[in-house]
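Below is a report on one protein model, arranged by structural topic. The sequence and structure come before the details.

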Amino acid sequence: MTTDALVETYFRTGTPPDLPQGHFIDGELAPAASGRTMDSFDPAMGEILGTFAAGDGEDVGRALSSSVRGFETWRRVPPAERTRTLFRIAEALRADADRLSVIETLDSGKTLAEARGDVMGSARLFEYYAGAADKLDGRAPNLGNDYTAFTLREPVGVTAHIVPWNYPTSTLVRGIAPALAAGCSAVVKPAETTPFTALAIAEILVKAGLPAGVVNVVTGTGSEAGAPLVADPRVRHVTFTGSVATGTRVMQAVAPNVTGLTLELGGKSPLVAFDDADVEAVADGALWAIFSNAGQICSAGSRLLVHRNLHEAVVARLVEKARALKHGHGLRDPDMGAINSAGHLDRIAGFVDRARARGVDVLCGGETVTDPETGKGWFYAPTVLDRLGPDDEAVLQEIFGPVLAVQVFDTEEDAIRLANGTDYALNAGIYTRDTGRAMRMARAIDAGQVTVNDYWAGGIELPFGGNRKSGFGREKGLEGLDAYTRAKAITLAA
Ligand code: NAD
C-alpha cells in the first residue's frame, strides 16, 4: 500500500499497518518466553497502537546464542559478498519506505516527512557502509629488513545496540550498518515506547539475504531486557544511545567484562549568532535547530546565544515564526509532531513551569496542547525562554523538547564561555560573516561537530558523537567502523 492509502486507512478505521509481533530471533518472530506483552502508544492520539513482547533475561539469552552462531557465519562471508548484501538491504529499505515511515510516525509521534527522512537516511547508511565492507584493509608497518609485519582489521564479535525512542530507525541503523560491514553480529534492544520499526527492519534484513541470527531483536524494558543484554560477557561491544543516567549505569554494567562501549548521550547545544549575521538566517536556523522532531533530538540547538545588538531583532522574528508553526498528528505532516510519551510531556512542562515561577520571560508557547483536529494527543507548544543566566536550570539541563533557552552575549570571549558552560559537548552552530572568527569559535567550542552559518548541515559521511557528558566514541562516517573492528598485528621474522 502507498503512504496515502496507509494514512487514509488509519484515520478511517484506526488500523495501523501490520505491526510485527514478538522478538526477532534466529530469523523469525518469536513470543517472549514468559508470554508477557506490553503496550505501545500512538502519542498523537494518546491511545494504544499495539502490543509487543516484554522480554527478559531468558529471551536475551536465546538472542545472544543466536548472535554467537550468527557471528561465526557472517565473519566467514567474503567481504565482497557482505557488500552486496548491504546494498540489497539499502534497496529493500527504500522499497518499503512507505510502510516503515507510517509505522515510525505512529510509534514515535514524529511527522511523516521526518520519519521518511529517517528511513531514507537509513537506506543511505547501509549503502555507505556497503561500500566500506570490502575496503577494511590493514597496514604493513615497516620494521626494516629483519621482519615483515602487517595488521588485520578483525570484527570484534557480537555487538549490543541499545536504542532510544526519538530516532528508532536511524539510531538503530547507524549502529548495525557499520557493525555488519565489519563482520559483527548484533542484538538490538529498541526503546519500550518505540519497538516496531526495529522488528520490521530485522525482517527486511533477512528477506534481503542477511543470514538468520546475524541480527536479533529483543523488545522490552531497559531493566528487564536491556540490563541483561549489556551485562552478558558474550557481548564484545555495546553501542548505547540514551540519557546520561542510563549511560553511566551501562558503563558500570560492562566494566566487569571489559566490554567495549560507545556512548551517545544528551546535549545542550548552542547556536551562536554574532551581530554581523543575517537576522533571517539566524531566526530560521534557530527555529529548526530546536523545533525539528519537537525538540526531541540529542543534538538539538536548545540554546540560542545571541549578540546583544542582534538580540531584539532575532528574537522578534523567531517568536513570530514559532507562533506560526502548525502542530498535529504526524500522519498529517504538520510542522511539528507529538511528544513521545505522557511522562516525557510532563517532564517538559515541569521545566517551563519552574522557569515561569522563577520569573523567566516565556515569549511564546509554554503550555501543553492537543491535536487541533481531534483534541487528543501529547503535544507541547513551541516555546522560547528569554535572557537566561548561565546558571539557570533551563540552560544547564537537557529538556529534550520544543523549548529554546536564549542567552545574550557581548564579546567573543563571553560567547565561548557561555557555549562551553554546560556539562554537555555535542553540537554547535556559529552564525557570522567573519570567517576568521568562525574558525576561532569552531576550535574553541567543545563539541563533536560544529557547523558555520547553518545548523543541521552535514550527513552520514561525517563522524557524529560528543565529548564530556555527551559521551564518547563516534558513529557515522568511516570513524563509525572503528568500534566494530580491532587491529591484530602479525609479524614474521626473516
Ligand atoms: P533512556 O536512557 O531512558 O533509554 C535509552 C535506552 O536504554 C532505552 O532503550 C531503554 O530501554 C534502555 N535502558 C534503560 N535502562 C537500561 C539499562 N539499565 N541497561 C540497558 N539499557 C537500558 O533514554 P530515552 O528516554 O530513551 O532517550 C532520551 C535520551 O537519549 C535523551 O537524554 C537524549 O539526549 C538521549 N539521546 C542521545 C542521542 C545521541 O546520539 N547522543 C540520541 C538520541 C537520544
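Thr383 has Val403 in β17 as its bridge partner. The two strands involved, β16 (residues 383-386) and β17 (residues 403-409), run parallel and are joined by three bridges. This is a predicted model, in which local features need pLDDT of at least 70 and side-chain atom pairs count only at pLDDT 80 or more, while totals for chains, interfaces and linings use all residues. Residues are numbered from 1 along each chain as its sequence is written, and side-chain values use heavy atoms, with hydrogens and water left out. Helices (H or I, at least four residues) and strands (E, at least two) are DSSP runs numbered from the N terminus; two strands pair if DSSP finds at least two bridges between them.

Strands β16 and β17 belong to an open, mixed sheet of seven strands, ordered β13-β16-β17-β12-β11-β19-β20. The edge positions are taken by β13 (361-364) and β20 (449-452); each has a single partner strand, so one side of each is left without a neighbour in the sheet. On average, neighbouring strands of this sheet are turned by 20° against each other, direction ignored. Helix α12 (residues 342-357) packs on the sheet and touches β13, β16 and β17, and its direction makes about 35° with that of β16. Contact here means heavy atoms within 4.5 Å. Axes are lines fitted to C-alpha atoms, for helices over the stretch in contact, and angles run from 0 to 180 degrees between N-to-C directions.

## The β3-β4 hairpin

Strands β3 and β4 run antiparallel and are joined by six bridges. One of the pairings is that of Asp39 with Thr51 in β4. The two strands form a hairpin with four residues between them, and Gly46 in the turn has a positive phi of about 70°.

## Salt bridges across the sequence

The structure holds 37 salt bridges, a salt bridge being a side-chain nitrogen of Lys or Arg within 4 Å of a carboxyl oxygen of Asp or Glu. One of them pairs Arg36 with Glu224, with 3.3 Å between the closest N and O atoms. Arg36 lies in the loop between β2 (28-30) and β3 (37-42), and Glu224 in helix α8 (residues 222-230), so this pair links parts of the chain 188 residues apart. Arg36 is partly exposed at 36% relative accessible area, and Glu224 is partly exposed at 32%.

Glu47 is in strand β4 (residues 47-53) and Lys376 in the loop between β14 (368-369) and β15 (379-380), 329 residues apart. Glu47 has a relative accessible area of 34% and is partly exposed; Lys376, at 33%, is partly exposed. Glu461 and Arg124 form a further salt bridge (3.0 Å, N to O). Because Glu461 lies in the loop between β20 and β21 (467-468) and Arg124 in helix α5 (residues 112-133), the pair ties together parts that are 337 residues apart in sequence. Salt bridges that share partners join Glu91, Arg94, Arg124, Glu127 and Glu461 into one network.

Ala225 is found in helix α8 and is buried, with a relative accessible area of 0%. Leaving aside neighbours within four places in sequence, Ala225 is in contact with Gly55, Val60, Lys189, Val218, Thr219 and Gly220. The C-alpha atoms of Ala225 and Thr37 are separated by 13 Å.

Ala294 has a positive phi near 50° and is not a glycine. Ala294 lies in the loop between α10 (279-291) and β12 (303-307) and is buried at 1% relative accessible area. Arg387 has a positive phi of about 50°. Arg387 is placed in the loop between β16 and α13 (393-396) and counts as exposed, at 52% relative accessibility.

## A nonpolar surface patch

Phe150, Leu152 and Leu492 form a nonpolar patch on the surface, with about 230 Å² of accessible area together. Leu152 is in strand β5 (residues 147-155) and is partly exposed at 33% relative accessibility. Patches are made of residues with over 30% relative accessible area and no salt bridge; like charges are joined within 9 Å, and nonpolar side chains (Val, Leu, Ile, Met, Phe, Trp, Tyr) within 5 Å. Accessible areas come from the Shrake-Rupley method with a 1.4 Å probe, and for residues only the protein chains shown count as cover.

Technical notes: Buried < 20%, exposed > 50% of the residue type's maximum accessible area, 1.4 Å probe, protein only.
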